Amino acid sequence: MQLAVWTYEGPPHVGAMRVATAMEKLHYVLHAPQGDTYADLLFTMIERRGKRPPVTYTTFEARDLGKDTAQIFQDAAREAVTRFKPQAIIVGASCTAELIQDDPAGLSEAMGLPCPVIPLELPSYQRKENWGAAETFYQIVRTLADKSVVRAPREGRAARVNVLGPTALGFRHRDDLVEIRKILALLGVEINLVAPLGATPEDITRIGHADFNIVLYPEIADEAARWLEKTFDQPAVRTVPIGVGATRSFIADVAELAGADPTPALGDTSSRMPWWSRSVDSTYLTSKRVFIFGDATHAVAAARIAREELGFEVCGLGCYAREFAREVRAEAARCGIEALITDDHLAVEDAIAAAAPELVLGTQMERHIAKRLGIPCAVISAPVHVQDFPARHSPQMGFEGANVIFDTWVHPLVMGLEEHLLTMFREDFEFSDEAGASHHAAILPHRGRGTTPDPIRGGGEAPAAFADLAPSDQPGVPLHHLADGPPSLAGEDRLWTAEAERELKKIPFFVRGKARRNTENFAAAEGRRQIDLETLYDAKAHYAR
């Protein structure tokens, strides 16, 4: 287990909580000390759920370690069953409680509780959150599925399918499910079960009635789907419908297993991404360098969309889930690069800085990294923060999901044109550096004006404290300041002359970094110790050939 300011995945008991919280009438009894209840905040604050997770903590204290902590667990389990009356419970230990070795599985088995008890063995010091969620779902399915089920013949009825994988705290899982339901309705396929999200333990007993399964999120559902394939002879659709091309492939795969006509679903023309990709407007974004990092499902899908549907150049691709490293490495090979498999955000930051992309697609951590480096960024994967659980419908899957992806990725690059215009007019009083960003309250007087607008009331005189702020102290420094790259050295060691720096800033910010790197590489190859105007134009002519 690695301690860090940021972490891509929590311990495996958080993954188990994601499954328990997604389901109905299932309760999780977690043997844990005081302090481990922090996980509740992930659901109530970040996901903004209307109710707290269905978890009972034993919350033993330090003084309890000299007593019988096993009895504390048994008391908590009995109270949870009496109070919540679940159809089933799952039991396990947090990473801290694991050290005292109380064995919740054995304890609960000996208690004779009036509902099914599903023990979880989640090695906190070897595994992480996504594995914990996958193992929990697998154990629930394996324990509760009615193995005596015999499917009815296909003749005279619609095909039935299980949709597997969506959980609580998942990246747009709720919205993705809406789009999947639309596609299945157009194909005339009946949904037997969606799990874990919204399912009850009683529903899981009927999982064998479906003709096949759809694995929406392999990190969560792949292990359970493999068991279902062996036990009930249910094939699985593993095409993840993120992007226009993948959505069409997904429709074809589902239609084949269902014996349905794919035409109604393929006729959906709501996606505007293909039209834009063929338009003249898209040409100035062709070959933009993009760095992608996240969970395997979304990272691989993003690389395919960037390469095949938007014409970007994937200059970096990686994921933090080692269990799916093979799939990510295979996609990286198709992009002509080597995959980065790590859960160290500092290594990811170094890789982004070295690749010098023009767009970063990642998690909330890459959002912060990109902000420091002055690179546009879009979030495509968990872990995410509250702003990535929007109140509006914002899927990633299906044709509408392709529209959302198009907006999310392209807008940061398109807005670079506006930023370039602001840079061109930077000497104007309204657009000068001292004016600050237009979407923040003004806290300094515009050049040539006599009063300072009050940043709180929007008019009149500002408090005197605001008037003393230097430009560098302002919030909302324009993005083009960050995109200029590292500051040049002063004095004898200054690489760029002041005149060359001023000329460099006339280049649009979204390609300025590349121009800086090319010029410095040219100067080094030519043995020039300083970059002046002549070197800048010589480099431009060199790379134009």
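Before looking at helix pairs, I noted the handedness rule: a crossing is left-handed if the near helix is turned anticlockwise from the far one by less than a right angle, and right-handed if clockwise.

**Ground rules**

I am working with a predicted model, where local features need pLDDT of at least 70, side-chain atom pairs count only at pLDDT 80 or more, and totals for chains, interfaces and linings use all residues. Residues are numbered from 1 along each chain as its sequence is written, and side-chain values use heavy atoms, with hydrogens and water left out.

**Whole chain**

I looked up the tally and got 21 helices and 13 strands in the protein chain. Helices (H or I, at least four residues) and strands (E, at least two) are DSSP runs, numbered from the N terminus. The chain has 545 residues, and 52% of them are buried. Buried means under 20% relative accessible area, exposed over 50%, and partly exposed in between (1.4 Å probe, protein chains only). Then I checked contacts, meaning heavy atoms within 4.5 Å. Of those in the protein chain with a separation of 6 or more, 71% are between residues 24 or more positions apart.

**H1 against H5**

Two packed helices are described by the angle between their axes and the distance between the axes. I looked up both for H1 (residues 12-22) and H5 (residues 129-144): about 50°, with the axes 6 Å apart. Axes are lines fitted to C-alpha atoms, for helices over the stretch in contact, and angles run from 0 to 180 degrees between N-to-C directions. H1 and H5 are therefore oblique to each other. On that scale, angles under 35 degrees count as roughly parallel, over 145 as roughly antiparallel, 65 to 115 as roughly perpendicular and the rest as oblique. H1 and H5 cross in the right-handed sense.

Which residues of H1 and H5 meet? On the H1 side I found Pro12, Val14, Gly15, Ala16, Arg18 and Val19; on the H5 side, Glu129, Asn130, Gly132, Ala133, Thr136, Phe137 and Ile140. I sorted the residues of this contact into seven nonpolar, four polar and two charged. For that sorting, Ala, Val, Leu, Ile, Met, Phe, Trp, Tyr, Cys and Pro count as nonpolar, Asp, Glu, Lys and Arg as charged, and the others, Gly among them, as polar.

**The E2-E1-E3-E4 sheet**

Next I traced an open sheet of four strands in the order E2-E1-E3-E4, with parallel pairing. Two strands pair if DSSP finds at least two bridges between them. E2 (55-57) and E4 (117-119) are at the edges with a single partner strand each, so one side of each has no neighbour in the sheet. Neighbouring strands here are turned by 25° against each other on average, direction ignored.

I zoomed in on E3 (residues 88-93), which pairs with E4 in the parallel sense over three bridges. Ile89 stands opposite Val117 in E4. H5 turns up again, packing on the sheet and touching E1, E3 and E4, with its direction at about 140° to that of E4. H3 (residues 69-84) lies across E1 (26-31), E2 and E3, and runs at about 165° to E1.

**The E6-E5-E7-E8 sheet**

I found another open sheet of four strands with parallel pairing, in the order E6-E5-E7-E8. Its edges are E6 (190-195) and E8 (236-237), each with a single partner strand, so one side of each is left without a neighbour in the sheet. Four bridges join E5 (residues 160-164) to E7 (residues 212-215), and these run parallel. Val161 has Phe212 in E7 as its bridge partner. H6 (residues 173-187) packs on this sheet, touching E5, E6 and E7, and its direction makes about 160° with that of E6. H9 (residues 244-258) lies across E7 and E8, at about 165° to E7.

**Strand E9**

Are the residues of E9 (residues 289-294) buried or exposed? Six of its six residues are buried. E9 runs parallel to E10 (residues 313-319), joined by six bridges. Arg289 has Glu313 as its bridge partner in E10.

**Two single residues**

Thr519 is in H20 (residues 509-526) and counts as buried at 3% relative accessibility. Leaving out residues up to four places away in sequence, Thr519 touches Trp496, Ile531, Thr535, Leu536 and Ala539.

Glu308, in H12 (residues 296-309), is exposed, with a relative accessible area of 53%.
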